[in-house]
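Here is a short briefing on charged and aromatic side-chain contacts. Keep the structure open while you read.

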Amino acid sequence: ASDYTRTESRYRSIFSKLLPVIFDLAVDPEPVARQMFHSLVFQMTRWYAKSQARELDLTLCLFDAIVEGLSNVAKGGDVRDLCASLTAELMKWSIKYVPGSSTSETVSCKYILRTLYGLMDHAVVAYRLGAVAALRRCLVELATHRALLDEHILEMLEVTLRSLSRSSEREVNREPSSRGADAAMAILIRECLRVMKLNMSWMLNSDSKVAKSFETFVSRTLLEASGSADEFVRHEAQRSFQTVAGFSSIEVKTWLKSKSDMASSYVDTAVPSMRSAELNEKQLMKFIAVLQWSSWIIEMRYVDAEFFKASRITQFQAVGQYISTISNRVELAFSTDDEALATQNVKQAHGRLSQEILKLFEIILKSSFSDIDKESILLHLMGTSDGAQVMMSKFISTAIFAPQNLGVDLSDDAGRRALARSGTRLI
């Protein structure tokens, strides 16, 4: 056959067993074997990439072996790195020889990318690491083809951000090396943004696919991730947002003001109800995230006071309510022996929340907002009840002199000093 028809090859069973052995020999410590089989495996990849019309089944067999090899952590990850390079090589030659209009199940650029995107959400961390390694090499190849870059760059960035956001949800009992996969995804995100920045002169033209989907990507994916309860994801998304804001034509302050309803919905979802007897760790982490997000958009001057007037300020009101609910703890005579916090993690979360509250106060005071606007926001933060200002003063004093009352472990010297510095700077 010469029309990309898949007919099972009689050699498939042999190839499926032989290819993993060839991959191992291609990274063997013995130099003669390594040189011979390393050259061989790249020659095979090029041959089958351009011979798919006649030998589609063996090309798919080769790609299946490469995908499986992406999860191989033997020999210090050498097999994984080899298979990542082979993936890019297969893509390079498929772009040259497989028709872009082909609708059959060929090992095309799109087929390769979709397979890797599927691995990005794999439960096993080794597959995610292999997928990221392959995508980084494929990105280099895509960057040399303007049409393919326009078609795939935003999808690659979105899939990586989404996978990174799901990382903490995916693993209840996190594997020790799981954060390594997250860090690799963060590197891929930065490389995607770098490529976009280099090509933004034509990408933002109205005819490009990137231009048509760019605002939707920023609002639905990037802005949402910038407020993630996962601190690693949140900071990476915020860094990405800052990069995008730097090279795009979006006027961030005006654009965010137009998205105030979306921001309000996010805040309302993240801010916990202060009516519950005790906040759990998940609620506290979401609250910390929304306060840090609020500090970030103010500090970066992405918003003005009008933004908060246009949106609901649930997070500011919740701060005043939170300080009121812990009124017993801000008394210096409070004994932590009587504290009934569930776990050490919850205590630490309370300490981090206290630090984030103090930081938010400081950023508002240092912002370019008018004095009237600052006073209005601070009143929401402190609460409007009688004695709210006194309660806030006690909260600051406790942060400096008795941080253990707010959940900080006194053995955690860094945490204790960070909270004390935040309180001192605010004074």
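Rings of Phe, Tyr and Trp (its six-membered ring) pair if their centres lie within 6.5 Å; planes under 30 degrees apart count as stacked, over 60 as edge-to-face and the rest as tilted. By that rule, ring pairs join Phe241, Trp255, Trp296 and Tyr302 into a cluster. This is a predicted model, in which local features need pLDDT of at least 70, side-chain atom pairs count only at pLDDT 80 or more, and totals for chains, interfaces and linings use all residues. Residues are numbered from 1 along each chain as its sequence is written, and side-chain values use heavy atoms, with hydrogens and water left out.

**Confidence**

- pLDDT is the predictor's confidence in each residue, from 0 to 100.
- The protein averages a pLDDT of 84, and 90% of the residues score at least 70.
- Helices (H or I, at least four residues) and strands (E, at least two) are DSSP runs, numbered from the N terminus.
- Among the elements, helix 6 (residues 125-142) has the highest mean pLDDT, 95. Helix 15 (residues 305-310) has the lowest, 80.
- Where pLDDT is low, the predicted coordinates should not be read in detail.

**Salt bridges**

- A salt bridge here is a side-chain nitrogen of Lys or Arg within 4 Å of a carboxyl oxygen of Asp or Glu. The whole structure holds 17 salt bridges.
- Lys75 pairs with Asp28, with the closest N and O atoms 3.9 Å apart. Lys75 sits in the loop between helix 3 (52-69) and helix 4 (78-97), and Asp28 in the loop between helix 1 (12-26) and helix 2 (31-50), so the bridge ties together parts that are 47 residues apart in sequence. Lys75 is partly exposed, at 36% relative accessibility.
- Glu89 bridges to Arg46, and their closest N and O atoms are 2.9 Å apart. This pair links distant parts of the chain, with Glu89 in helix 4 and Arg46 in helix 2, 43 residues apart. Glu89 is buried at 14%, whereas Arg46 is partly exposed at 26%.
- Arg114 bridges to Glu155, with 3.2 Å between the closest N and O atoms. Here helix 5 (residues 109-119) supplies Arg114 and helix 7 (residues 146-170) supplies Glu155, 41 residues apart. Arg114 is partly exposed at 45%, and Glu155 is partly exposed at 25%.
- Salt bridges also link Arg190, Glu236 and Arg239 in a network.

**Aromatic pairs**

- The structure holds 12 aromatic pairs.
- One of them joins Phe15 and Tyr48 edge-to-face, 5.9 Å centre to centre with 90° between the planes. Phe15 is in helix 1 and Tyr48 in helix 2, 33 residues apart. Phe15 is buried at 16%, and Tyr48 is buried at 9%.
- Trp93 and Tyr97 have ring centres 5.9 Å apart and planes at 5°, so this pair is stacked. They are 4 residues apart in helix 4, which means a separation of about one helical turn. Trp93 is buried at 16%, whereas Tyr97 is partly exposed at 39%.

**Charge over a ring**

- A charge sits over a ring if NZ of Lys or CZ of Arg is within 6 Å of the ring centre and within 35 degrees of the ring normal.
- Lys96 lies over the face of Trp93, at 4.4 Å from the ring centre.

Definitions and conventions
Buried means under 20% relative accessible area, exposed over 50%, partly exposed in between (1.4 Å probe, protein chains only).
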